[in-house]
Amino acid sequence: MSNEPNEWLDINLTVNGKAVSRRVSCRKHLTDFLREDLDLTGSHLGCEHGVCGACTVKLDGNIVRGCLLLAVQCNGARVETIEGMSESGELSDLQQAFHELNAFQCGFCTPAMLITASELCYGGHAVTRDDIRKHLSGNYCRCTGYQAIVDAVHATCIARGQGAVK
Amino acid sequence: MNRDTGPSVGHKGTTYIGAAVPRPNAKRLLHGRGKYVDDIRVPRVAHAVFYRSPHAHARILSIDTSEAEKSPGILRVITGVDVAQLCTPYVGVLAHIKGMQSAPQLPLAVDRARWQGEPVVGVIAETRAQAEDAAQLINVDWEPLPAVTDPESALDSGTQVIHPLLGSNLCFERSVDAGKVDDAFARAHRVVECTFSMARHTAVSLEPRSILAEYDPSEQQLTIWHSTQVPHQMQWVLARHFNIPEPRVRVVVPDVGGSFGLKIHTYGDELATVAAAILLCRPVKFVADRMESFVSDFHAREHRVKAKMAVSKDGDILAIEADDLYGIGPYSGHPRGAANEGIQVANLVGAPYRQRAYRGRSRAVFQNKAMYGQYRAVGHPIATIATEGLADKAARSLGLDPVEFRRRNYIPANAYPYTLPSGVMFERLSQHESLEKILAMMDYPALRDEQTRLRRQNIYRGIGLATFIENSNASSATYGPGGVSIASQDGCTVKLTATGGLTVASSSNEIGQGAYAAIAQIAATAVGTTLNKVKVIMGDTDATPYGGGNTGSRGTGIAGEAAFQAGKALRANVLGFVARLIESEASLLDIRDGNVVDSASGMTHMTLEDVARTAYFRPDQVPKDYQPELIVTRSYAQKTYTGTYTNGIQGSYLEIDVNTGFVRLVRHWVVDDCGTIVNPMLVDEQIRGAVVQGIGEALYEQCIYSPEGQLMNGSLMDYIVPMAAEMPDVEVGHTCTPTLTSELGAKGAGEAGAAGAAAAIMNALNDALYPLDAQLYSMPFTPERILRALGKVK
Amino acid sequence: MRPEHGMSNPDGRDSGCDRDGGVGLKSPAFRYVKPASLAETFGVLKSFGDEARLLAGGQSLLAALNMRLASPRVLVDINDLADLAGIRVSENAVTIGALTRHRTVERSPDIRRYLPLLYQAMPYVAHPAVRNRGTFGGSISFADPAAELPACCVALGAVFQLASETGVRSVPAREFFKGMYETALRPDEALVAADIPVIGRNYRSAFAELSLRHGDYAIVGLAGHAKYEDGALSDVRLVYFGVGSAPVFAEAASRILEGKTPSPGTVLAAQRELPRDLAPNDDAMYSAAVRMHWAGELLVKVVEQFSAKDEGNRE
């Protein structure tokens with residue numbers, strides 16, 4: 001790859017386990033790339049300035065805000081979105097808890113909320129409701145008021161042997 | 001109809017009324033398979049971006065789009081004049097509200113911009129980024145004009161009149177004067193007064209306003225995919241203002257990422273997007289970004305209420321007077337107008353209480369600030385704040401317990417139906433019962449003990465109550481006579497499918513609250529089949545019955561009733577059909593869990609699939625003189641009252657750090673009476689979500705405008721919305737007074753949480769501050785305001 | 001939009017909704033390059049001067065770009081410079097590479113042991129998703145007046161290593177932060193590491209911050225560092241953030257506590273000195289008076305932490 005500054009670049013990355021190659025505008029952020037170039041519309045945009053968290057996906061196994069990442073920065077990286085994480089089944093117990101406890105209404109914040117929560121739920125440490133509230137404090141939800149989400153995440157942690165009192 | 005158990009469903013099969021089932025058709029949202037407007041893919045779509053006025057009030061001297069037009073990817077640049085050739089002006093005035101006035105408005109500003117953020121030029125390009133690049137090249141020559149930004153002085157003679165032809169900045173005024181108010185104040189034992197002020201705020205739905213418009217010139221067919229609560233209303237607005245025959249306008253509502261009253265208005269940028277689609281003959285999409293949302297979404301709730309209450313020595317409320325003033329935008333919003341908040345405030349201050357004498361006035365004045373309109377619970381939070389703030393003040397002035405004061409003054413349980421001085425009629429409320437229930441839930445005496453104990457350790461906690469009234473199931477009185485085509489009836493078509501399932505087309509609209517689930521549960525119950533066999537169709541003016549969409553907590557009460565009636569009618573048709581086929585009587589048959597059975601023995605005669613197959617594929621097996629009707633439509637409108645008012649009460653328990661001024665919400669309770677409940681889990685979650693919006697109103701949210709009319713905090717970093725870490729758990733309980741205006745008996749619940757939360761927090765805050773000789777009535781109750789009230793900061 | 005809060009004004013333009021035309025949340029066009037070495041990085045910086053911006057975690061810069069508050073010609077992505085990441089403990093100091101992610105700092109047992117002030121501060125830095133990308137060096141270079149790490153570095157006596165084509169120079173934290181988003185970095189320089197003395201024997205660190213919501217930028221914050229021996233404080237360093245355009249070392253307040261036993265009286269005396277040290281401005285969200293009040297309240301909390309009974313801040 002020639003290393004002159006460029007407005008367009010070819011990138012190769014893995015998205016939801018599949019190799020992807022695209023030519024992309026350097027100014028395009030990851031979420032726009034996912035939504036527009038790959039038609040993975042499960043990741044949403046709520047603010048594009050890094051506050052609402054609706055764009056949360058996973059990059060090399062860590063949760064990140066897709067609007068604060070350029071697509072070109074993901075060259076060579078492994079990206080996971082709600083689509084992939086649903087198909088793999090890794091979120092299924094969390095999704096079921098969300099459904100049973102009505103931890104979502106309009107659903108716009110939900111993919112990001114699930115992905116963010118999964119970092120806590122599947123992290124292996126004991127988790128209290130307070131921990132959950134703090135961990136999710138960067139994900140805006142206007143519909144639920146958060147309580148049912150905390151309930152669902154806590155129930156999932158308990159089922160996985162990670163729940164703690166309070 | 002049994003008051004205690006809800007509607008009689010007439011069968012012994014599974015019933016879903018009152019069932020807390022997880023929402024059908026919602027799992028896809030968990031999998032990222034929701035389809036919001038921005039997810040819809042249409043070939044050749046172009047993107048619209050708007051250049052917006054940076055001034056609150058300014059004359060447009062010239063617009064130079066030449067540089068923008070040359071920018072890469074640009075397809076078209078449109079100005080107000082261009083759009084005005086396609087779209088007629090609209091005025092947000094309701095004909096039946098005497099004296100209401102507003103000026104005609106066009107989608108893009110022509111000659112003059114009247115609020116910072118008003119769209120002026122539309123740039124259409126192949127990509128959004130290209131459109132934004134080009135928009136920065138637009139040059140507008142502005143002549144700034146004085147801006148009207150203070151509601152208190154908007155009507156002063158020296159203040160600029162925004163629309164000279166209107167003669168003043170007064171949009172609307174409503175007055176109520178009943179009983180001898182001045183006498184009552186003169187002879188009262190005590191009079192308490194207070195000025196309450198609430199900040200302008202905005203819905204901040206996570207999905208911004210979004211529209212995708214496509215015009216087919218060969219058929220003159222306009223199709224829009226629109227994030228909206230009201231598809232039929234939008235169909236009417238577009239047909240009327242773009243002069244397209246109504247049947248050729250189709251509004252499709254995919255998934256909506258939250259609305260809360262935001263997405264029910266006519267927005268200039270959305271109409272301009274439609275105009276662009278017509279001009280380009282290509283689909284055009286507009287999705288408001290977050291920063292432009294702050295200056296272009298309709299705002300709400302900016303009120304100042306001066307109120308007073310006269311009480312007798314024993315603690316009876318003798319009279320209430322309230323004077324409300326609120327600053328709207330430079331126009332009253334279309335089509336619903338900006339009078340709604342004021343009407344509710346003027347009508348409902350003092351509503352929970354036996355009103356001996358009442359004088360109320362509300363005035364809406366134009367401002368050079370963002371447009372303004374309805375937001376969850378509309379004027380009810382303001383009325384509750386004024387009423388319940390006065391109640392606590394009055395109780396304290398008499399040395400009475402606030403609980404006792406309320407109990408004593410509530411409308412007596414045997415006084416219903418009860419008519420307020422403002423003319424509003426309550427069918428029946430359960431205020432005493434709700435009060436007792438919340439006191440038990442809170443363990444009120446124990447809370448008071450804990451509060452006292454902690455005060456001795458210099459920890460200041462407060463307990464606050466707020467009784468609230470919330471309208472629902474509005475009749476046509478609100479809009480019908482106003483001359484706007486806003487439906488107050490809803491319809492439902494229930495169809496038996498070939499394999500015995502149900503397709504239910506409803507004029508209700510899903511915005512995340514669970515409208516789909518409610519309709520599905522009602523239809524399944526009314527027919528007698530299982531929930532998993534039901535499919536609901538909503539949000540398409542080509543495919544659903546005509547109706548009001550989803551606003552004002554009407555989805556379950558009105559659209560749900562239509563579904564109930566349609567389901568029952570289909571059941572009757574099926575039973576009649578089967579009775580004829582097997583030569584029996586319909587009264588001996590039942591439908592249970594999708595099977596037509598013998599009522600007495602439960603033995604299955606035919607499955608619903610058998611019924612459908614016979615009717616659809618084997619008319620040869622049906623008697624020649626009999627035509628089964630397995631597709632049934634019913635409509636319903638609530639016509640008995642202006643609305644079926646609901647009631648409830650909220651309790652807040654909080655702690656103030658008197659050194660930093662920070663508030664910690666310890667607990668929150670709600671008791672709500674919404675009549676028959678279809679899905680308790682969905683109702684409780686609606687209440688919780690609305691409570692948190694009320695918490696935002698009380699503690700965090702405010703649109704800060706400079707005197708020049710510039711919004712100073714228009715980003716999510718600076719406009720503070722509630723996030724998870726600070727929110728309390730909300731305990732919800734219910735009393736149940738079904739409405740007799742419908743068979744289902746359901747009243748609305750979507751707005752109840754917002755109606756009372758801020759008032760409960762205010763009362764708890766002032767309860768905590770009282771021993772420190774501080775009281776606060778200006779929202780939001782920021783830490784700085786609390787410190788100033790405590791005298792810790794000068 | 002007020003300067004004390006968040007993303008505004010890195011290029012000095014008016015931000016937010018009062019931008020002319022109020023347009024856009026898509027980044028303006030720029031060219032992008034990802035150098036493989038520091039030398040290559042310096043080459044780009046030399047070619048483009050102040051039209052180039054370094055991109056590390058991007059959690060501040062990309063937000064600014066999206067909001068069209070910054071429009072660099074070239075974005076220089078330094079995330080491949082692996083040598084710049086990592087935490088190294090030597091005998092007296094911990095060296096934190098500029099590209100070390102916040103999450104790494106947050107989870108590092110070495111940081112917890114040797115630089116407990118950072119351990120205390122990290123949970124306040126934004127949210128988990130931001131901490132996964134944001135870098136130590138990015139936060140220092142961006143120099144937001146309401147950010148936690150710059151103040152902590154001043155309190156800890158950190159020394160920053162600034163590299164350029166011509167070599168590396170050291171700048172102590174106290175001299176590095178010049179003003180709002182303004183540092184001692186020259187256009188051709190990159191921050192590569194911070195050397196921070198490990199916490200000394202009998203030293204305590206303390207951290208307190210006020211914000212309306214967990215994870216927000218601080219309204220006002222205080223990073224504190226002091227020796228607490230035989231019931232008396234010495235070498236007191238109180239560094240405020242969110243009260244000015246850069247972290248403020250409250251010298252007068254710190255000096256008053258020298259040699260004193262923490263008590264309500266000494267705290268009050270220190271609070272009285274604060275007007276000498278701090279001069280916040282009124283802004284659209286908060287008055288100067290309330291910021292001063294909160295500064296005083298944070299002093300109470302920090303002194304309490306200094307003298308708390310069971311502190312494990314020892315070697």
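A salt bridge here is a side-chain nitrogen of Lys or Arg within 4 Å of a carboxyl oxygen of Asp or Glu. This is a predicted model, where local features need pLDDT of at least 70, side-chain atom pairs count only at pLDDT 80 or more, and totals for chains, interfaces and linings use all residues. Residues are numbered from 1 along each chain as its sequence is written, chains are lettered from A and ligands numbered from 1 in the order in which they are written, and side-chain values use heavy atoms, with hydrogens and water left out.

By that rule there are 76 salt bridges over all chains. Here are three of them:

| Pair | N to O distance |
|---|---|
| B:D133 and A:R27 | 2.5 Å |
| B:D39 and A:R35 | 2.7 Å |
| B:R28 and B:D255 | 2.8 Å |

Take the B:D39 and A:R35 pair. B:D39 sits in the loop between α1 (27–30) and β1 (46–52) of chain B, while A:R35 is in helix α1 of chain A, so the pair joins two chains. Helices (H or I, at least four residues) and strands (E, at least two) are DSSP runs, numbered from the N terminus. B:D39 is buried at 5% relative accessibility, and A:R35 is buried at 4%. Buried means under 20% relative accessible area, exposed over 50%, and partly exposed in between (1.4 Å probe, protein chains only).

Back to B:D133 and A:R27: B:D133 is partly exposed at 22%, whereas A:R27 counts as buried at 14%. Both belong to a salt-bridge network that also includes B:R52, B:E132 and C:R68.
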